[in-house]
Amino acid sequence: MASNTSPRASWSLSILLGATALGLGMSAAYAADPIKIGVIAEAQAIAGASIPQAAQMAADEINAKGGVDGRQIQIVTYDNHSSSADSVRAFQRAVNEDKVSAVIASYISEVVLALEPWASRLKTPMITPGAASNEITRAVHENYEKNKYTFHGYLTSAALALSVCDAAKELLVDGKKMKSAVIMSEDAAWTKPLDVGYEECLPKIGLKVLDHIRFSPDTTDFTPIFNKIEASKPDVIITGISHVGVQPTVQWKNQQVPIPMLGISSQATNSTFGKDTNDAANGVLYQGVSGPDVAVTSKSIPFAEGFKKKFGNYPSYAGYTSYDEVYMIADAIKRAGSTDADKMVAALEKTDWEGTIGRVQFYGKEDKFTHGLKYGKGLITGLMLQWQDGKQVSVWPKEVAKGTLKFPSFVKVTSN
Amino acid sequence: MLGLQILIDGFAVSALYALGATGFTLIFGVSGVLNLSHGAIMVAAAVAAWAAASVFHLDSYTGALVGVAVAAVVSLATYFVVVQPIQRSRKIPNEEKEIFVLTATLLWGIMIQELIAYFFTNNAKTVLPIVEGVVSIVGVRTPKNEIFTAIVCCVVIGLLWFLVNRTRTGKVVLAASMNPRGVTILGFELTNIYIIVWAIYGVLAGIAGVLLGMFLGVSSYSVGPLTASAFSIVVLGGLGSVSGSLIAALVVGYLETFTAYMISPAYRTIPALLLLVIVMYVRPQGLLGRR
């Protein structure tokens with residue numbers, strides 16, 4: 001695994017060398033200690049691999065412009081092997097030995113929930129770029145003084161459900177006259193609140209929920225599941241999948257299941273998903289906060305293109321948020337005038353940052369989603385994208401849509 | 001209708017299990033090695049076939065062949081790098097060699113798994129199907145590739161039977177599994193027989209891996225479950241008995257499919273594991289075990 005860290009190590013080495021050179025020649029301000037940010041992520045998973053890369057990119061940009069009040073930002077990365085136990089050890093090491101001022105951690109809810117008490121115990125601000133469970137913000141709301149160090153830098157499951165329903169209303173109910181749906185979601189911490197959200201909002205937008213299938217994330221054969229879904233004859237399958245993605249998508253195509261899929265499919269946000277599924281992904285509709293060619297804000301496309309130039313592929317969804325979060329932490333430190341944890345928390349709470357996925361503000365102490373991203377027009381609404389001819393095309397909302405719905409021939413869409 | 005669906009799906013799954021388990025049991029029968037890197041070799045084959053088609057843009061046939069070739073190479077490497085040094089070691093007492101081989105192949109499997117995850121990520125990959133499209137079998141929409149999978153498995157198992165029972169090489173292999181010492185007295189080099197068996201095993205595991213990659217898809221996470229399923233099928237059928245493994249594969253394949261359709265996909269593997277526990281109590285040598 002030593003080679004795993006070598007590209008990053010050489011990066012930080014060159015930064016270190018650059019910083020030293022600057023420090024030798026310039027005033028004492030440049031020689032000040034760097035601000036360290038720990039990044040704990042899943043280096044082997046596509047969604048997780050972008051997290052440290054994007055963070056490093058943001059740090060390089062900030063450093064090139066002189067850092068934060070003359071202090072450079074240094075990213076310290078830890079591979080957690082998708083394990084909660086490894087993440088906790090990495091968090092302890094980051095804080096106690098490497099003396100980081102803040103931590104950006106993981107896209108897996110179970111991991112973030114395991115780290116949350118450690119952020120409290122070690123009094124270190126932590127932001128997650130990709131986990132979704134409502135439990136993360138609920139813990140902050142219910143025990144604010146203790147858990148205020150945790151921030152939820154990605155949409156909560158409740159907000160994700162709303163985003164999916166908002167898109168489904170315009171695209172499927174108004175656009176395709178659809179009337180019924182089956183919810184298909186994996187059994188994980190993040191889908192429990194998501195399913196509650198779906199059950200609540202789908203009937204409201206005019207989609208009757210005919211069945212609700214939760215399956216184990218270990219499932220490899222989806223034939224029986226698609227079979228059961230087909231038997232209840234829904235117009236659409238509303239998905240909530242992240243640990244699985246490639247397999248259900250490929251089997252959906254191989255078995256020619258005639259029902260379109262729309263919802264959360266985290267793996268579909270990866271630009272490699274088309275290749276991983278041998279283009280079985282064509283027609284799949286997935287919720288995202290970003291897309292390679294979508295100008296959600298003026299920062300989105302330059303970031304995505306810059307990332308691709310540097311690392312060879314477009315960032316995963318958690319790459320966008322991780323990039324923004326380094327800027328948000330730097331901004332908070334600047335406003336707080338210090339890396340003191342409590343002062344940083346107070347500053348982060350006042351965040352009003354236009355990032356790559358929209359305008360970021362956090363819900364306050366009184367809101368039930370304390371420290372969660374504010375959802376809504378003018379802030380973050382999310383997008384609906386579709387895989388079309390091996391590419392990710394935005395189809396909702398209208399302001400940023402680059403295409404209209406397009407399904408493979410085996411899918412039967414009601415108004416066609 | 002549902003019954004027919006279970007019949008068709010169950011057969012494809014069983015055939016795939018049978019192919020995977022046959023090689024596993026062959027190795028045990030002939031050389032007494034329980035190869036716990038089995039799942040890793042299957043996944044390596046599938047990922048190689050995927051990479052050949054998706055990264056290097058080869059067609060699906062060539063991709064599949066690349067996958068099988070990679071499995072054969074990894075299988076021979078397993079023998080030469082891991083198994084043979086232990087079997088020949090003078091430092092390890094003979095009675096402990098089995099447990100050393102068991103541990104070493106397990107670690108070897110984990111190494112392969114981590115390498116795959118490092119180079120190709122732990123996200124699932126699927127192999128480009130050789131035949132696309134679906135056919136309707138009495139109203140049941142069945143992917144053509146599923147039928148292809150079942151046919152290939154049956155043909156390969158048939159060829160294996162022919163090889164073992166009707167060719168000279170096969171008869172030597174069979175004899176080695178019954179009495180290794182006798183075979184050496186007749187002038188055959190045991191090492192050569194082992195190499196043949198590991199090569200046959202590699203091809204079988206490779207075909208099973210590539211077909212699994214087409215049928216369901218695999219990721220580096222599949223390594224453990226694949227080894228476990230081959231292991232339980234082989235134990236259920238009787239260690240070292242090829243026909244026992246075939247029967248056990250059918251039993252497990254149908255039991256899993258039936259559970260997935262009639263109860264819930266979440267409980268798919270449970271009844272087969274319970275059956276394994278019961279067989280262990282009642283008939284520890286397995287269905288067709290020799291002891």
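How many helices and strands does chain B have? In this predicted model, chain B has 11 helices and two strands. The legends below begin with that chain and its helix pairs, then turn to the interface and to individual residues.

Figure 1. The order of elements along the sequence of chain B is α-α-α-α-β-β-α-α-α-α-α-α-α. Its radius of gyration is 19 Å, close to the 19 Å given by the globule rule for 291 residues, so chain B is as compact as a globular protein of that length. Taken along the principal axes, the box filled by the C-alpha atoms of chain B is roughly 60 × 50 × 35 Å. Of the 291 residues in chain B, 50% count as buried. Among the contacts of chain B with a separation of 6 or more, 76% are between residues 24 or more positions apart.

**Figure 2. Packing of helix H1 (residues 2-31) of chain B with H8(B).** The two axes come within 9 Å and cross at roughly 160 degrees. At an angle over 145 degrees, H1(B) and H8(B) are therefore roughly antiparallel to each other. The crossing in which H1(B) passes H8(B) is left-handed. Residues that H1(B) brings to this contact include Leu16(B), Leu19(B), Leu26(B), Ile27(B) and Val30(B), and among those from H8(B) are Ile193(B), Tyr194(B), Val197(B), Ile200(B) and Tyr201(B). The glycines Gly20(B) and Gly23(B) of H1(B) also take part. By class, the contact comprises 18 nonpolar, four polar and no charged residues.

**Figure 3. Packing of helix H5 (residues 144-166) of chain B with helix H8 (residues 190-215) of chain B.** The axes lie 10 Å apart, and the helices pack at an angle of about 170 degrees. H5(B) and H8(B) are therefore roughly antiparallel to each other. From H5(B), the residues Asn145(B), Glu146(B), Thr149(B), Val152(B), Cys153(B) and Val156(B) meet Leu204(B), Ile207(B), Leu211(B), Met214(B) and Phe215(B) of H8(B). Eight residues of this contact are nonpolar, two are polar and one is charged. Leu204(B), Ile207(B), Leu211(B) and Phe215(B) of H8(B) are also among the residues in contact with H1(B).

**Figure 4. Packing of helix H3 (residues 60-88) of chain B with helix H4 (residues 97-120) of chain B.** The axes of these helices cross at roughly 155 degrees and come within 9 Å. H3(B) and H4(B) are therefore roughly antiparallel to each other. The crossing of H3(B) past H4(B) is right-handed. On H3(B) the contact involves Thr78(B), Val82(B), Val83(B), Ile86(B) and Gln87(B), and on H4(B) it involves Lys97(B), Phe100(B), Val101(B), Ala104(B), Thr105(B) and Trp108(B). This contact divides into seven nonpolar, three polar and one charged residue.

**Figure 5. Two residues of chain B with positive phi, His57(B) and Thr121(B).** His57(B) is located in the loop between helix H2 (38-54) and H3 of chain B. Its phi is near 55 degrees, a positive value in a residue other than glycine. With 9 other C-beta atoms within 10 Å, His57(B) is exposed. Thr121(B) is located in the loop between H4 and strand E1 (134-137) of chain B. Phi of Thr121(B), another residue that is not glycine, is positive, near 60 degrees. With 22 other C-beta atoms within 10 Å, Thr121(B) is buried.

**Figure 6. The side of chain A that touches chain B.** Contact across the interface involves 25 residues of chain A and 23 residues of chain B. On the chain A side, the elements giving two or more residues are helix H2 (46-64), helix H9 (223-231), helix H10 (246-254) and helix H11 (273-276) of chain A. The residues on this side of chain A are eight nonpolar, 14 polar and three charged.

**Figure 7. Local features of chain A at Glu366(A) and Pro397(A).** Glu366(A) belongs to the loop between strand E12 (359-360) and strand E13 (383-388) of chain A. Glu366(A) counts as exposed, with 8 C-beta neighbours inside 10 Å. Although Glu366(A) and Tyr144(A) are 222 residues apart along the chain, their C-alpha atoms are separated by 9.7 Å. Pro397(A) occurs in the segment after strand E14 (391-396) of chain A. The peptide bond joining Trp396(A) and Pro397(A) is cis, with omega about -5 degrees.

Notes: Residues numbered from 1 in each chain as written. Chains lettered and ligands numbered in written order. Predicted model: local features only at pLDDT ≥ 70, side-chain atom pairs only at ≥ 80, totals over all residues. Helix = DSSP H or I, 4+ residues; strand = E, 2+ residues; numbered from the N terminus. Rg over C-alpha atoms; globule rule 2.2 N^0.38 Å. Buried ≥ 20, exposed ≤ 12 C-beta atoms within 10 Å, placed from the backbone. Contact = placed C-beta atoms within 7 Å. Nonpolar A, V, L, I, M, F, W, Y, C, P; charged D, E, K, R; others polar. Axes fitted to C-alpha atoms, helices over the stretch in contact; angles between N-to-C directions. Parallel < 35°, antiparallel > 145°, perpendicular 65-115°, else oblique. Left-handed = near helix turned anticlockwise from the far one by under 90°.
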